[in-house]
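Please examine the sequence and the structure shown below.

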Amino acid sequence: MRGLAVLVLLSVLGWAAFAIFVALDLFKTTPQVLHLISVAGMVVTTITCVGLIATVILGLVLRDIFQVEPNGLIRALIYSGLTFAASFILLSYFGVDVGALLTTSAILGAVVGLSMQATLGSIISGLSMSAEPLLKIGSGICFDDRTVIIEQKTWRHIIVRRRDGVRVIIPNSTLANMPVQVLPEDGPARFQVFLHLPPNVPPQRISDLLSKAFGDMDHIDTTRAIEITPIETQPEVDSILYRVRLWARDYTQIAELRGEVLRRAWYVLDRAGIHQPRNLFFEAPRREKQKQADLANIIAARVLDLEAQHLEGKIR
């Protein structure tokens, strides 16, 4: 802001001095000097106008109206666009053929755009990601079925950290083309696990057993209902698929809770005599192999008995 104020002051003082020079006709014998002063005044005024307009766009429009905090890339693009437009206006004022410059710029822009499609895609995606207020440093999102924390945002990618400490770089183009689940930071977060259970057990019994098992777990929000619902019959594995939905008190605990829920579910159901079914597609070949192995053992034992009887007959 101090630099912008200096530019405004220089513009006002410069034009005031120019008006005095013209009124007093101080450079009557050297009009080139007066023309040079006017050119310098136009340049300074143009720079001042670019700074003022950029300040209004960044401060009033983006920050106050759209509630978006502009980053370095947005600032650079706004200043570049305004400078480009102001330069063409200034050149056309001085009699330069702007049309030829526009034609050349369009050709160069097409060449650069074709050679940098991936980079430009990341830049545009980065702008859209930067304008999204939910995606900020410290926010938790679901990526690749994992809970990750946003640590850094750039115009090409974001850097996230998984629960195991591994940092992952996600290109903005990838993030923009996929649904992003932003986890709540100020309240419980829902998660779900799936269980394959026998079809001969009543669903109400399954629901009662699991509800009691999960009701006293740490980090589970027990003020919200635990949903245990059969959602699909799977005859190929002789089972029913159950969906278990619970609420974690904090989204950072979801990864550990998923494993704990499965462990406790297996323990409670096993004590009640309820076991997860086996896949029939794998069970049938296993039984067939077992039958063949048993038959081979019987034949081998029979052969040994016959050899023993034959040897005993020779001895006699």
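A residue is called buried when its relative accessible area is under 20%, exposed when that area is over 50%, and partly exposed in between. The model under discussion is predicted. Thr48, a residue of helix H2, which spans residues 31-65, has a relative accessibility of 5% and therefore counts as buried. A polar atom of the Thr48 side chain lies 2.8 Å from the backbone oxygen of Val44. Leaving aside residues up to four places away in sequence, Thr48 touches Leu4, Leu7, Val8 and Ser11.

The cysteines may be considered next. Cys49 has a relative accessibility of 39% and so counts as partly exposed. Cys142 is likewise partly exposed, because its relative accessible area is 23%. With a disulfide taken as a pair of cysteine sulfur atoms within 2.5 Å, the count comes to 0 disulfides.

In soluble globular proteins, nonpolar side chains tend to be buried together. The largest nonpolar core of this model has 27 residues, and the members that touch the most others are Phe191, Ile206, Leu210, Phe214, Val244, Leu246 and Val261. At least two residues of this core come from each of strand E6 (189-197), helix H7 (203-214), strand E8 (239-248) and helix H8 (254-271). H8 provides the largest share, 6 residues. Val261 touches Phe191, Val193, Phe214, Met217 and Leu246, when residues up to four places away in sequence are not counted.

Notes:
Residues numbered from 1 in each chain as written. Predicted model: local features only at pLDDT ≥ 70, side-chain atom pairs only at ≥ 80, totals over all residues. Heavy atoms only, no water. Helix = DSSP H or I, 4+ residues; strand = E, 2+ residues; numbered from the N terminus. Buried < 20%, exposed > 50% of the residue type's maximum accessible area, 1.4 Å probe, protein only. Polar contact = N/O pair within 3.5 Å; in protein donor to acceptor, adjacent residues only side chain to side chain. Contact = heavy atoms within 4.5 Å. Core = buried A, V, L, I, M, F, W, Y, C linked by side-chain atoms within 4.5 Å.
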